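Subject: Structure handover

Hi,

Here is the structure for you to look through. My notes follow below it.

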Amino acid sequence: MTTNSITPVQSNELNQQDQEEMHARVQDGLMRLFVKQCRLYTCGGSSSITQLEAEELLESIRFVLRIDNLDDPATLARLASDDMDVLFRQGLDDLNRRVEETMELWHQVCITMPPIKNIALRDTLASIGQFRKVYDTYFAAFAVPVSIDYPLHDPVPETFKGVDYVHEWLKRCLEEAQYLAQFDTKECIAILKRSCPDYKGLLINLYEPVHRHFGD
């Protein structure tokens with residue numbers, strides 16, 4: 001009876017101890033990865049970086065490894081189960097695949113969007129077209145290095161970062177483009193002119209006036 005009464009307490013203590021050991025192992029692996037990234041970032045020429053640079057490198061590492069919360073048991077177990085360098089390379093491979101998927105989505109938006117002239121939309125799509133070239137998966141994976149000025153009807157939450165943000169923006173933009181493509185372009189332009197005479201130059205969403213006119 002005495003043994004059975006203390007077994008759950010001993011089990012909890014062991015689980016807590018295992019969790020603390022896993023947390024320490026993951027923190028050690030992350031620190032070694034951070035040091036390696038610092039060396040790559042400075043090309044081995046200097047071990048000194050600014051606080052801002054350090055914070056951005058850490059944020060990039062967390063983004064590549066998909067770390068939202070180190071206190072999450074599933075995340076902790078995943079990071080502790082393999083070599084951190086291997087996990088980082090796998091994360092980079094996943095990001096690169098995501099970039100290619102995003103550029104395919106960009107192409108769909110470009111060929112689906114009706115030829116309605118709007119400077120913000122034109123410039124935004126042109127900028128996203130350079131995303132593959134300017135996106136830094138190694139040192140700034142969390143960043144969005146393109147200009148996205150065209151306002152969507154349903155904006156992307158700021159919780160999205162890096163390629164995830166661009167991918168989600170294009171996904172929502174494609175839905176708007178597909179809706180507009182259902183209707184005659186000249187009729188859409190007439191609706192836009194009535195709603196906003198300078199629909200070409202102002203930061204307006206093209207979908208909203210047309211959707212208000214035709215409804216669901």
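A pocket is defined on a 1 Å grid over the protein atoms alone: it is an open set of points where a 1.4 Å probe fits, with protein on both sides within 12 Å along at least five of seven lines. Lining residues have an atom within 4 Å of a point.

This is a predicted model: local features need pLDDT of at least 70, side-chain atom pairs count only at pLDDT 80 or more, and totals for linings use all residues. Residues are numbered from 1 along each chain, and side-chain values use heavy atoms, without hydrogens or water.

**The pocket**

The lining of the largest pocket includes Glu59, Arg62, Phe63, Arg66 and Asp164. By class, the lining has six charged residues (Asp, Glu, Lys, Arg), four nonpolar (Ala, Val, Leu, Ile, Met, Phe, Trp, Tyr, Cys, Pro) and one polar (the others, Gly among them).

**α2 and α4**

Helix α2 also packs on helix α4 (residues 84-112), at an angle of about 75° with the axes 9 Å apart. Axes are lines fitted to C-alpha atoms over the stretch in contact, and angles run from 0 to 180 degrees between N-to-C directions. So α2 is roughly perpendicular to α4 (65 to 115 degrees). In contact (heavy atoms within 4.5 Å) are Ile61, Phe63 and Val64 of α2 with Phe88, Gly91, Leu92 and Leu95 of α4. Six of these residues are nonpolar, one is polar and none is charged.

Best wishes

Terms used:
Helix = DSSP H or I, 4+ residues; strand = E, 2+ residues; numbered from the N terminus. Parallel < 35°, antiparallel > 145°, perpendicular 65-115°, else oblique.
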